[in-house]
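Please open the structure in your viewer and keep the selection tool at hand. The tour moves from one group of elements to the next, saying at each stop what to select and what is there.

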Amino acid sequence: MASEVDICNQALTSIGHKTIQSLSENSEGARKCSVYLQQAIDETLRVYPWNCAVRRASLSQLSETPAFGFSYVYALPQEPYCLRVLQMTEKSIRYKVEGRKLLTDEAAAKILYIARIVPAEMDPLLVSAVAARLAAELAYPMANSPTLQANMWKLYEQKLLEAVTIDAQEGTPDEIEVDTFIN
């Protein structure tokens, strides 16, 4: 199981920097990782519906009503924090995410969503992708090298593709709904 420090050390070694013992230590690597780590995790989690980060939730209806377009407003989950709504109980249900709220015409709202998770909950290939993204983010501020940064972005894209490919192979494939467009 990976930790935040493990991800930072993978990123730091990728750009030729010394490793760290903790995010709170007084070193350039720890300070920069503290700035960029959570953003790198959140952004990588948002780009794909990772199996390890998918959660289900019944949402709490808020007392406010939308000005137009929908009938109900629901609060998005805070624990675990919702990074991206994938769908409601049925794919055909119409909804819209605005800020930290979900708007719909449904009297009850249940969603499938991407949650903010800790590295220990991540698939090992996802950990590698996050570390590569963090390396890309750190390359210029720490090594002052646009070439290294470009190489790290390429590495991130490769790691992301590998992780997505394997993640997509777990579980029963979704059925394609037949409609007039597909026919």
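Select Ala57 to begin, and then look across to strand E7, where Ile111 stands opposite Ala57. The model is a predicted one, in which local features need pLDDT of at least 70 and side-chain atom pairs count only at pLDDT 80 or more, while totals for chains, interfaces and linings use all residues. Residues are numbered from 1 along each chain as its sequence is written, and side-chain values use heavy atoms, with hydrogens and water left out.

Now widen the selection to E1 and to strand E7, residues 110-115, which pair in the antiparallel sense over five bridges; two strands pair if DSSP finds at least two bridges between them, and helices (H or I, at least four residues) and strands (E, at least two) are DSSP runs numbered from the N terminus.

Keep helix H2 (residues 28-46) on screen and select helix H1 (residues 4-14), which packs against H2 at an angle of about 110°, with the axes 10 Å apart. H1 is therefore roughly perpendicular to H2, given that angles under 35 degrees count as roughly parallel, over 145 as roughly antiparallel, 65 to 115 as roughly perpendicular and the rest as oblique. To see where they meet, show Glu4, Ile7, Cys8 and Leu12 in H1 together with Gly29, Cys33, Leu37 and Gln38 in H2.

Move on to strand E5 (residues 95-98) and strand E6 (residues 101-104), which pair in the antiparallel sense over four bridges. They form a hairpin with two residues between them, and Gly99 in the turn has a positive phi of about 65°.

Finally, select helix H3 (residues 124-143) and helix H4 (residues 146-168), whose axes come within 8 Å and cross at roughly 170°. H3 and H4 are therefore roughly antiparallel to each other. Among the residues that make the contact are Leu125 and Tyr140 of H3 and Trp153 and Ile166 of H4.

Notes
Axes are lines fitted to C-alpha atoms, for helices over the stretch in contact, and angles run from 0 to 180 degrees between N-to-C directions. Contact means heavy atoms within 4.5 Å.
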